[in-house]
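Dear colleague,

Please find below the sequence and the structure that I am handing over to you. My notes on what was found follow directly after.

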Amino acid sequence: MRVIRTKKMVFTALIKLVNTKGFDNLTVQEIADEAMINRATFYAHFKDKQDLFDQSFNTVLSYFDEFKHAEIFLDKNTVSLPALEHTLANIFQNIDNNRALFFLIVDSSMRNQLIESLENLIRDTTTGFLDHLKITQNGNIIPNEFVFSYMTSTFMGTLNWWLKSDEKFDPETLAHFIIQLIENSHLTVLGVKLIQD
């Protein structure tokens, strides 16, 4: 518990200092001072400030791990909308609880790496489903790589809009909106069976 609390204090200090000084100009001493810990405590958790930033990145990436464990795809052409909605709501809640840390990564040079990692996660969790589905348009098979890119950019765009919007949707409402869009989208035309319960 103490380790989690210490890391959260250091992450908070990093966010504040990056916003005021930029990452390159920061020193470990400044981060430790802001977090109200000594340098020895800092080095007990992080090798250096780059390791701190890398751990921040991995923490943000872990918010999407729900996709790995969710039972969204029930068989070769069936999607469970309640499972997908629950998974999305949990991801949005984690990000909402840690907005500043999320923006630290999204607004940094690591943005592209985050998008690439998310696309890899989507690829890993949907390839089997898409391989069987073989989505076609006018007789041409739509490449899975296009679908992965489309899903990733749609997801990141939605997140960015939600976090920066004046609209005050809670994570559950946002997840429900997405499900409503999916229900009324081209998925059913493509042969995807959507299960409501």
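I begin with the records. For "DNA-binding region", UniProt lists residues 27-46 in an unreviewed entry; UniProt positions are given here in the numbering used in this message, feature names are shortened, and annotations may be inferred rather than shown by experiment. Over residues 27-46 the chain is 75% helix and 0% strand, with its end C-alpha atoms 13 Å apart. Helices (H or I, at least four residues) and strands (E, at least two) are DSSP runs, numbered from the N terminus. UniProt also places the feature "domain: HTH tetR-type", again from an unreviewed entry, at residues 4-64. That span is 77% helix and 0% strand, and 19 Å separates its end C-alpha atoms.

Please note the conditions under which the values were computed. This is a predicted model, in which local features need pLDDT of at least 70 and side-chain atom pairs count only at pLDDT 80 or more, while totals for chains, interfaces and linings use all residues. Residues are numbered from 1 along each chain as its sequence is written, and side-chain values use heavy atoms, with hydrogens and water left out.

The pLDDT, the predictor's confidence in each residue on a scale from 0 to 100, averages 90 over the protein, and 96% of the residues score at least 70. Among the elements, helix 2 has the highest mean pLDDT (97) and strand 3 (residues 136-137) the lowest (72).

As to overall architecture, the protein has 10 helices and five strands. Its C-alpha atoms fill a box of roughly 60 × 30 × 30 Å along the principal axes. Of the 197 residues, 40% count as buried, where buried means under 20% relative accessible area, exposed over 50%, and partly exposed in between (1.4 Å probe, protein chains only).

The second largest pocket may be of interest to you. Its volume is about 310 Å³. A pocket is here an open set of points on a 1 Å grid over the protein atoms alone, where a 1.4 Å probe fits, with protein on both sides within 12 Å along at least five of seven lines; lining residues have an atom within 4 Å of a point. Grid points are joined across faces, edges and corners, and the volume is the space filled by probe spheres set on the points. The second largest pocket is lined by 14 residues, of which Lys8, Phe11, Tyr63, Asn98 and Leu101 lie nearest its centre. Two or more lining residues come from each of helix 1 (2-21), helix 4 (49-62) and helix 7 (99-106), and helix 1 gives the largest share, six residues. Because domain 1 (1-55) and domain 2 (64-195) both contribute to this lining, the second largest pocket lies between them; the domain bounds come from an automatic or database domain assignment.

Three individual residues remain. Met36 sits in the loop between helix 2 (28-35) and helix 3 (39-45) and has a positive phi of about 60° although it is not a glycine. Met36 counts as exposed, at 72% relative accessibility. Asn138, in the loop between strand 3 and strand 4 (140-141), is exposed with a relative accessible area of 72%. Lys193 belongs to strand 5 (residues 193-195) and counts as partly exposed at 48% relative accessibility.

With kind regards
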